[in-house]
Amino acid sequence: MTEPSTTPPQQMPIFSKTFDLLTWLLQVTRHFPKMHRHDFTKRLLDAAFDLREHLENANLRRAAARRDSLQRADEALAKLRLYIRLAAKMEWLSQGQYAHVVPMLSEVGKLLGGWFKTA
């Protein structure tokens, strides 16, 4: 049995976009209220890391297993969008920060959708 060929993550835009998103989130969430760091912030960052990890898994798999990992990545992205909207609503994100992250999430969603269609 041959090993499935994979595209190196550094060559796929979705990996650089999610890396940039994670980097930004790690910096921004440091300023969230301390009383919510162990619940809300953890959930938000877990969703972001889950998104990236499911994408890594998808890149290492084929056929149904790949689609399953992409579906899980989509679920993590949905959670992340919810947490970002909530952080903006609670004013833990400024309007400028929210305006910065929404296009990032949208771009990741478009890339994920495109990958899902070809998987």
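Here are some questions and answers about helix packing and aromatic pairs in this predicted model.

Q: How are helices H1 and H2 oriented to each other, roughly parallel or roughly antiparallel?
A: Let's start with the axes of H1 (residues 13-28) and H2 (residues 37-60), which come within 10 Å and cross at roughly 160 degrees. Angles over 145 degrees count as roughly antiparallel. The two helices, H1 and H2, are therefore roughly antiparallel.

Q: Which hand does the crossing of H1 and H2 have, left or right?
A: The axes of these helices cross at roughly 160 degrees. As for its hand, the crossing of H1 and H2 is left-handed.

Q: How many nonpolar residues does the contact of H1 with H2 have?
A: On the H1 side, the residues include Phe15, Leu22 and Leu25, and they meet H2 residues, among them Leu44, Phe49 and Leu55. Arg52, Glu56 and Asn59 also take part from H2. By class, the contact of H1 with H2 has two polar residues, two charged ones and, for the nonpolar class, 13.

Q: What kind of aromatic pair do Phe15 and Trp115 form?
A: A search of the whole structure finds five aromatic pairs. In the pair of Phe15 and Trp115, the ring centres are 6.1 Å apart and the planes are at 70 degrees. Planes over 60 degrees apart count as edge-to-face, so the pair of Phe15 and Trp115 is edge-to-face.

Q: How many residues apart in sequence are the parts that Phe15 and Trp115 tie together?
A: Phe15 is buried at 2% relative accessibility, and Trp115 is buried at 10%. Phe15 lies in helix H1 and Trp115 in helix H4 (residues 95-118), so the parts tied together by this pair are separated in sequence by 100 residues.

Q: Where in the chain is Trp92, the partner of Phe32?
A: Phe32 and Trp92 form a tilted pair, at 5.8 Å centre to centre and 45 degrees between the planes. Phe32 sits in the loop between H1 and H2, 60 residues from its partner. Trp92 is in the loop between helix H3 (63-89) and H4.

Q: Is Trp92 buried or exposed?
A: Buried means under 20% relative accessible area. Trp92 has 18% relative accessibility, so Trp92 counts as buried.

Technical notes
Residues numbered from 1 in each chain as written. Predicted model: local features only at pLDDT ≥ 70, side-chain atom pairs only at ≥ 80, totals over all residues. Heavy atoms only, no water. Axes fitted to C-alpha atoms, helices over the stretch in contact; angles between N-to-C directions. Helix = DSSP H or I, 4+ residues; strand = E, 2+ residues; numbered from the N terminus. Parallel < 35°, antiparallel > 145°, perpendicular 65-115°, else oblique. Left-handed = near helix turned anticlockwise from the far one by under 90°. Contact = heavy atoms within 4.5 Å. Nonpolar A, V, L, I, M, F, W, Y, C, P; charged D, E, K, R; others polar. Phe/Tyr/Trp six-rings, centres within 6.5 Å; stacked < 30°, edge-to-face > 60°. Buried < 20%, exposed > 50% of the residue type's maximum accessible area, 1.4 Å probe, protein only.
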